[in-house]
Protein chains: 2
Amino acid sequence: MEKRVNQIKQQLSAHNYKLTPQREATVRVLIENEEAHLSAEDVYLLVKEKAPEIGLATVYRTLELLSDLSVIHKLNFGDGVTRYEFRAEGAEHHHHHLICLNCGEVDEIMEDLLTPIEARVEEEYEFQIVDHRLTFHGVCRRCKEVVADPKKLVGARVT
Amino acid sequence: MEKRVNQIKQQLSAHNYKLTPQREATVRVLIENEEAHLSAEDVYLLVKEKAPEIGLATVYRTLELLSDLSVIHKLNFGDGVTRYEFRAEGAEHHHHHLICLNCGEVDEIMEDLLTPIEARVEEEYEFQIVDHRLTFHGVCRRCKEVVADPKKLVGARVT
DNA sequence: TCTTATCTGATAGTTTTTTTCATTTAGTTT
DNA sequence: AAACTAAATGAAAAAAACTATCAGATAAGA
């Protein structure tokens, strides 16, 4: 934990930004909730517990900053809110997500399944890939029994 | 064109919806701009040219309806606006997008590259896939010469 | 024609995010 | 250490995108 906070502190100062108390509190919340896909509002409420004087605008600003530095990733699951997640340490690429159309739960695929495909795309489409986003929409293992016809769910909340 | 409008008319009436003049104008705009990834506002302005009396709310309602019926797809490229695109006729799955971090242009990959990967995911993660979203972020062929270090672009507008 | 349900436009309201601006903080220079 | 400067913050207003409400229009069926 302390190591990661320190690492981020260095990333910030490398770009002439300071790790202010507000930023540190925000970073800590993000690290503590690494699995959670928090919205800005979620982060705000959690940070308030440690640093009650913080303003929502600062949280937004900090999230934007951390995202610019690729410390965190912005996510969009189609519910009208931007969500944030820690970038796995040293991860070259973003991992993948499984979104259940029935219960809304988001699971993770931590391995990178796209490497062979990316090679093809780079060549065939002359596109130099920096990152990717891959999301599967469907029925998670927990909802398998409940959902009769998955096709029926197609229109639901997919962006 | 007429064939496609008619086809949609049937899809609508199959679910007890009518192809009203407003809906038809909206559908035609979407077909005419199939490549364009229009936002609701974009669609509104274009529809206004044919049917000046239409209201923004109706456009939103129509887009939502067409999306529910899987006539169109909702897209999100991380700029805070939902975009819409026609679903390729008879396409089982969504196609893929190439987003240039330099110029913002969005190109299409019309073939489905994910079939083999989906088989693995379905088995290994017990997840029944209905649809997917795959976006590659990087440097398009047009910007290749302009951009020195693609890594520098990482933080830009990616969701 | 009458009835009923659907659909629409205008507008008000929400929600999420961004901007503004005066104040505070922290580092730097004298 | 005082003065200076730039960065950062909180509060609040504003913007942007979307959603809900509601009275009136439209259209399909009895």
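**Around the DNA.** I looked up what sits around DNA strand D and got 20 residues, the closest being A:Thr20, A:Gly55, A:Thr58, B:Ala57 and B:Thr82. Near, for me, is a C-beta atom, placed from the backbone, within 6 Å of the strand. Two or more residues each come from helix 2 (21-32) and helix 4 (56-68) of chain A, plus helix 3 (40-50) and helix 4 (56-68) of chain B. Helix 4 of chain A gives the largest share, three residues. My helices are DSSP runs (H or I, at least four residues), numbered from the N terminus.

**Ground rules.** This is a predicted model, where local features need pLDDT of at least 70, side-chain atom pairs count only at pLDDT 80 or more, and totals for chains, interfaces and linings use all residues. Residues are numbered from 1 along each chain as its sequence is written, with chains lettered from A and ligands numbered from 1 in the order written.

**Helix pair in chain B.** I then checked how helix 3 of chain B packs on helix 4 of chain B: the angle is about 120 degrees and the axes are 9 Å apart. I took axes as lines fitted to C-alpha atoms over the stretch in contact, with angles from 0 to 180 degrees between N-to-C directions. On the helix 3 side I find B:Ala40, B:Val43, B:Tyr44 and B:Val47, meeting B:Leu56, B:Val59, B:Tyr60 and B:Leu63 of helix 4. Contact here is C-beta atoms, placed from the backbone, within 7 Å.

**The two chains.** Chain B superposes on chain A by a rotation of 179 degrees with 0.0 Å of shift along the axis, RMSD 0.2 Å. That is a two-fold axis relation. I superposed by least squares on C-alpha atoms of residues with pLDDT of at least 70 in both copies.

Methods:
Two residues are in contact if their C-beta atoms, placed from the backbone, lie within 7 Å.
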